[in-house]
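Colleague: Here is a model I would like to go through with you. Please tie each label to its criterion.

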Amino acid sequence: MPTDPIRSAPEERLVNLVVALLATEQGLTKDTILSSVSGYREQGAAGASKDALEKMFERDKDSLRSLGVPIETIGDYADPDDLREARYRIPTAEYSLPVDIDFTPAEIAVLNLASGVWGESSMSASARSGLRKIQALGIEVDAPIIGYAPRISLREPSFSPLQRAIEQGRVVEFDYVKGGSDAAHRRRVQPWALVEYEGRWHVYGFDLLQDAERTFLLTRISSDVVVTRTSFELSLREGAGDKAIAGLEAVARRQRALVQVEPGTEAAVRLNRRAVAADDTGCRVPYVDAQIFADELASYGPEVRVIEPVELADLVVARLRRARDLHAEAAG
């Protein structure tokens, strides 16, 4: 009778793989890993095919990287893109905190609480790596405050693939609907930075089809984001976030709406905080995207009245009329 393959727990195999990759400076080839690391070695000896073992190794690599473990791939020195004889390792400097950094249990508790605010998919590789280093310290935390962390949910499905593309230096493609238009157009972009401005996420980078730097509002991306195999220089990301924010602020300085807001309302709380000036006629609120700002103002209903610009007031009125008509149709 054929012998059943020896099945070790996946967690044990992952631990063995981490230990092996930490122990090497030069890196280990895939063949060496499959033939010598416990968990793969037993499977091979029991008759598992090389193809099955390689697929298992690829899944394990993905699992470890998703946990923030920095597995480095080293190609041929003469041709770094040639990965046929690639070697793998975990740089110790990337896996552990410097010896002169120390945290108290209370500090660890606060850091864990902060990490709990963000969903795993929305954390950058650097954030996941930092969290993993902290967790590796093995310090017990002060338990009473744990459990009070809210969850921040990023509604735009484009956030995660864009974040991954920025980290990897990969060109992306997506369909985008400009403000005031109903038609989507294909974009091919080098994404350099994700920035939050006025509570909304934007991606900033170089539009290869328009041959110009552009900022895109994530809520206007109307298709899945395709991360291509085309790469760009990672140095282009340097300072991109600050440049994107400066550009958005410049647009907001040129566009200021004069609005009258009912005191003590939700609109007053939100808009007065962003207002740059106020007098007897109302407060002036800067904005970037007229269509998006009109959506917000319309949502306040009678709490807000737009004085100027007239174009913005017309957009708000159009939205209110559409809402009225929809309610009338539903009632009919």
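Modeller: Axes are lines fitted to C-alpha atoms, for helices over the stretch in contact, and angles run from 0 to 180 degrees between N-to-C directions. Helices (H or I, at least four residues) and strands (E, at least two) are DSSP runs, numbered from the N terminus. The model is predicted: local features need pLDDT of at least 70, side-chain atom pairs pLDDT 80 or more, while totals for chains, interfaces and linings use all residues. Residues count from 1 along each chain as its sequence is written, and side-chain values use heavy atoms, without hydrogens and water.

Colleague: Why are α1 and α4 called roughly perpendicular?

Modeller: The axes of α1 (residues 10-22) and α4 (residues 50-66) cross at roughly 80° and come within 11 Å. Angles under 35 degrees count as roughly parallel, over 145 as roughly antiparallel, 65 to 115 as roughly perpendicular and the rest as oblique. Therefore α1 and α4 are roughly perpendicular.

Colleague: Which residues of α1 and α4 meet?

Modeller: Contact means heavy atoms within 4.5 Å. Arg13, Leu14, Leu17 and Val18 in α1 meet Met56, Phe57, Asp60 and Leu64 in α4.

Colleague: What makes β4 and β5 a pair?

Modeller: Two strands pair if DSSP finds at least two bridges between them. β4 and β5 (residues 184-197) have 6, in the antiparallel sense. Val177 stands opposite Ala184 in β5. The two strands form a hairpin with 6 residues between them, and Gly180 in the turn has a positive phi of about 85°.

Colleague: How do you know that β4 pairs with β8?

Modeller: β4 (residues 170-177) and β8 (residues 226-231) share 3 antiparallel bridges. Glu173 has Val226 as its bridge partner in β8.
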